[in-house]
Amino acid sequence: MAGRKKLPTQLKLLKGTQRAGRLNPNEPMPDIGIPEPPEFLSEAGLIEWNRISKQLVDLGLLSKIDMAALAIYCQAWGRVVKYEKIIAGKGELYKTSNGNIILSPAMWVLNKAYEQVYKFAGEFGMSPAKRASVTATKVKDKKKDKFKEFGT
């Protein structure tokens, strides 16, 4: 049994659950930033990349090394969009050549894409359960005025 999955320090800070004894003092803390989207993203995947990446950066939850995880999330979202359209047009059931009615192959792809979207959304704190336990303050709002202490 593996136990609970460890949360990154930034999510612990946003949730307010950080404790000195539970934080990894050697945890890598990459600079916050939006990575370049990979060329293979579908049109819907790229739209999602552009929509969500700025919000994740503002929350301090995205760095350039997160490109692969964000790409998997966005490409899976692109598949959701594509296969929802296919199913809307052709239906959830499929008639085989011998007349049997089975679940459409598009439903298999769609269900897998939904699983990936949900899994990777959670990695970035984007699922309802994760979000309900997070108290987010935008990164730009957290920056301190370096001269405030001098009364300027």
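I began with Lys-54 and Asp-58, whose side chains meet in a salt bridge at 3.0 Å, N to O. For this I took a salt bridge as a side-chain nitrogen of Lys or Arg within 4 Å of a carboxyl oxygen of Asp or Glu.

A note on the model before going on: it is predicted, so local features need pLDDT of at least 70 and side-chain atom pairs count only at pLDDT 80 or more, while totals for chains, interfaces and linings use all residues. Residues are numbered from 1 along each chain as its sequence is written, and side-chain values use heavy atoms, with hydrogens and water left out.

**Helix α2**

I looked up where this pair sits: Lys-54 and Asp-58 both belong to helix α2, four residues apart, about one turn of the helix. Helices here are DSSP runs of H or I with at least four residues, numbered from the N terminus. Next I checked exposure, where buried means under 20% relative accessible area, exposed over 50%, and partly exposed in between (1.4 Å probe, protein chains only). Lys-54 is partly exposed at 42%, whereas Asp-58 is buried at 13%.

How many salt bridges does the structure hold? I found three. Another of them joins the side chains of Arg-51 and Glu-48, at 2.7 Å, N to O. These two also lie in α2, three residues apart, about one turn of the helix. Arg-51 has a relative accessible area of 42% and is partly exposed; Glu-48, at 6%, is buried.

**Helix α4**

Then I turned to Glu-115 and Lys-112, which form a salt bridge with their closest N and O atoms 3.8 Å apart. They are three residues apart in α4, so about one helical turn separates them. I noted Lys-112 as partly exposed, at 48% relative accessible area.

**Helix α3**

My last stop was α3, residues 67-90. Its 24 residues reach 34 Å from the first C-alpha to the last, close to the 34 Å expected at 1.5 Å a residue. That expected span is 1.5 Å times one less than the number of residues.

Which helices do the buried residues of α3 pack against? I found them against α2 (43-58) and α4 (105-123), with contact taken as heavy atoms within 4.5 Å. The buried residues of α3 include Leu-70, Tyr-73, Cys-74, Val-80, Tyr-83 and Ile-87. Gln-75 and Gly-78 are also among them.
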